[in-house]
Amino acid sequence: MDWRRFWAGAPLVAALLLGACSEGASTAPRHALEQRRSALQDAIADDPQSIVRRVELARVAIALGDGVGAEAAVKAALGAGAKEAALRPLLARAYAMQGDSSRALQTIDGGPIIPEMIGEAAWVAGDVHLGNGDLAAARDAYDRAVQELPRNAALWVSVARFRDANADTRGARDAADYAIELDKANSPALAFKANLVRTEEGLPASLGWYDKALAADPDNADALIEQAATLGDLGRYRDMLSALRHAATIVPRDPRIHYLQAVLAARAGNYRLARSLLQRTRGELDEQPSFMLLSAVVEFELGGEAVAATWADRLIAEQPDNFTARRILAAADWAGGDADGASEALAPIVSRPDADSWSLLLAARVAAELGRRVESADYLGRAATLARGEAVPFAADNDYGLLTMAADAEPLNPAAVIPAISADLSSGNSARAIARASRIRDANRGVADAHILLGDAALAGGQFDLAIRSYRAARALDAGERTTLRLANALYRAGDIAGSGAAILALRDSQPSSVAADRLAGHLAMDIEHWDDAIAHFERVRSRIGDRDVVVLRELARAWAAKGDDARALRLIDRAYRLQPLNAAIMEFYAGLLAHRGNRQAAADLRDKAAQIGR
């Protein structure tokens with residue numbers, strides 16, 4: 001769009017009318033907006049030709065999220081004599097709210113716009129382009145909007161959302177903070193700040209900001225839904241349901257409400273209810289990765305392997321490295337008799353040195369079914385070690401010269417640079433790999449991924465100090481698993497065992513729903529013989545993933561045995577043994593428990609079996 005084009009011939013009354021409205025949508029609480037809408041409708045009934053009231057009615061409808069009502073009000077104002085050049089941005093906003101982005105942009109481009117509304121037109125265009133994923137066009141539009149409306153708090157919230165979509169965490173934080181500085185009672189700004197804090201500092205830290213957002217507007221549906229999701233991840237399910245019920249009174253057809261209720265039902269093991277709730281979303285979330293994954297899980301648990309495989313396959317098409325989806329697809333294909341499909345789904349997982357034992361065991365069964373005996377034995381052997389290898393952060397398949405040429409031509413393009421970094425590391429040129437990653441980091445210091453890239457390159461090159469610094473910088477922007485686990489690993493490899501443990505426990509505190517954090521914290525507790533803490537951590541893992549992890553079952557059995565509860569330890573190690581009946585270490589521990597309980601013959605049989613396997 002050419003933002004220099006505008007129409008300067010609007011009557012003075014239109015300029016005055018729209019000049020007062022250029023501050024964007026109202027942030028008044030919903031009940032006040034509803035009252036104002038009712039009052040305006042009564043006033044318009046008495047004076048149908050009132051352009052000012054109809055324009056205000058359109059803005060109130062926009063603030064209430066009513067795109068249809070906003071469209072009707074704008075068209076009524078036009079019918080009463082308002083100029084299209086003055087109201088074109090409002091009409092475009094109404095279309096955008098109804099999901100008609102093409103019509104919104106066509107409306108903005110369809111004719112002149114008065115100077116007072118250029119900023120709002122750019123703002124609408126920015127929001128539409130952002131929704132369409134056209135970040136370059138969105139940047140241009142927002143730049144113009146900020147020039148015209150530099151102190152509009154609601155606009156700065158949109159800018160924060162744009163920067164967040166660009167993974168510019170620091171820029172998003174600055175924009176949100178400025179919006180709050182301009183308007184301390186701006187509920188959308190406070191709610192978005194809560195979302196950023198949830199990523200940067202963890203779940204508990206965000207709750208205070210959600211409270212502030214809802215204090216400013218108790219009926220902020222987006223804040224209620226995001227708060228509910230956070231409460232659910234914290235295990236506060238009663239409070240989660242309360243927030244969702246409140247949101248349902250405001251936006252009863254919002255599919256996110258049904259999705260979160262389905263998450264809660266699935267966590268409780270009520271998969272039929274979860275399926276019913278997912279169906280109530282009416283397909284509006286079908287393209288969301290989290291929705292696809294939950295649908296796959298629910299269908300698999302209900303015995304619908306074919307449907308589960310379909311959902312998992314769709315997700316893998318978008319996220320080939322989503323290993324959870326691959327495990328579900330493999331299990332569904334295997335249950336449905338498709339051994340080839342299961343093998344294909346598992347291949348990217350089991351080809352990695354850090355493959356989990358469950359995937360390796362299933363791969364062994366699949367390989368045996370396909371007649372690949374040697375391959376099956378290899379998978380069984382790897383699973384029996386009960387220890388994962390080191391993850392490989394980089395992999396490249398293309399010619400080294402081509403990769404380096406592409407990266408040298410576009411040194412700030414991650415898509416070109418990351419394969420070149422991998423090629424540099426593979427050829428022993430770690431200094432060049434780190435230099436490439438450093439340039440990306442220097443150009444994107446507010447982006448966590450840029451610091452992670454440098455950390456990964458430094459770790460692969462053996463520069464632990466640089467890796468630790470980079471991961472710390474990344475964690476300052478994103479306190480989630482992907483940053484904290486990298487930091488913990490780097491600290492451990494650098495010999496700082498205490499620092500590694502502190503990082504893991506910090507993740508456990510900030511992300512209580514993290515299975516990885518509980519798993520690692522459990523191992524740390526086992527190492528220092530804090531049996532109760534270890535049991536608490538591993539039981540949380542078990543409650544989330546079930547009895548499919550042999551290591552978790554073994555560690556729980558060890559902890560209970562150390563506490564003197566052999567009966568509970570026996571039940572747990574028996575489950576582990578049933579998962580891996582050829583694992584000598586499990587058999588030895590199982591035999592020791594049986595002997596301690598007086599069952600000497602069974603213990604002797606197990607030890608004999610373990611000895612035969614070890615030959």
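Student: Where is Arg-365 found?

Tutor: Arg-365 is found in helix H21, residues 357-369, where helices are DSSP runs of H or I with at least four residues and strands are runs of E with at least two, numbered from the N terminus. This is a predicted model, in which local features need pLDDT of at least 70, side-chain atom pairs count only at pLDDT 80 or more, and totals for chains, interfaces and linings use all residues. Residues are numbered from 1 along each chain as its sequence is written, and side-chain values use heavy atoms, with hydrogens and water left out.

Student: And how exposed is Arg-365?

Tutor: Arg-365 is partly exposed, with a relative accessible area of 43%; buried means under 20%, exposed over 50%, and partly exposed in between, using a 1.4 Å probe and protein chains only.

Student: Which residues does Arg-365 contact, leaving aside neighbours within four places in sequence?

Tutor: Those are Trp-334 and Leu-579, contact meaning heavy atoms within 4.5 Å.

Student: Switching topic, how do H11 and H12 pack?

Tutor: Helix H11 (residues 187-200) and helix H12 (residues 203-216) pack at about 175 degrees with axes 8 Å apart, the axes being lines fitted to C-alpha atoms over the stretch in contact, and angles running from 0 to 180 degrees between N-to-C directions. H11 and H12 are therefore roughly antiparallel, a term for angles over 145 degrees.

Student: What about the whole protein, how many helices and strands?

Tutor: The protein has 35 helices and zero strands, and buried residues make up 47% of its 615 residues.

Key: Parallel < 35°, antiparallel > 145°, perpendicular 65-115°, else oblique.
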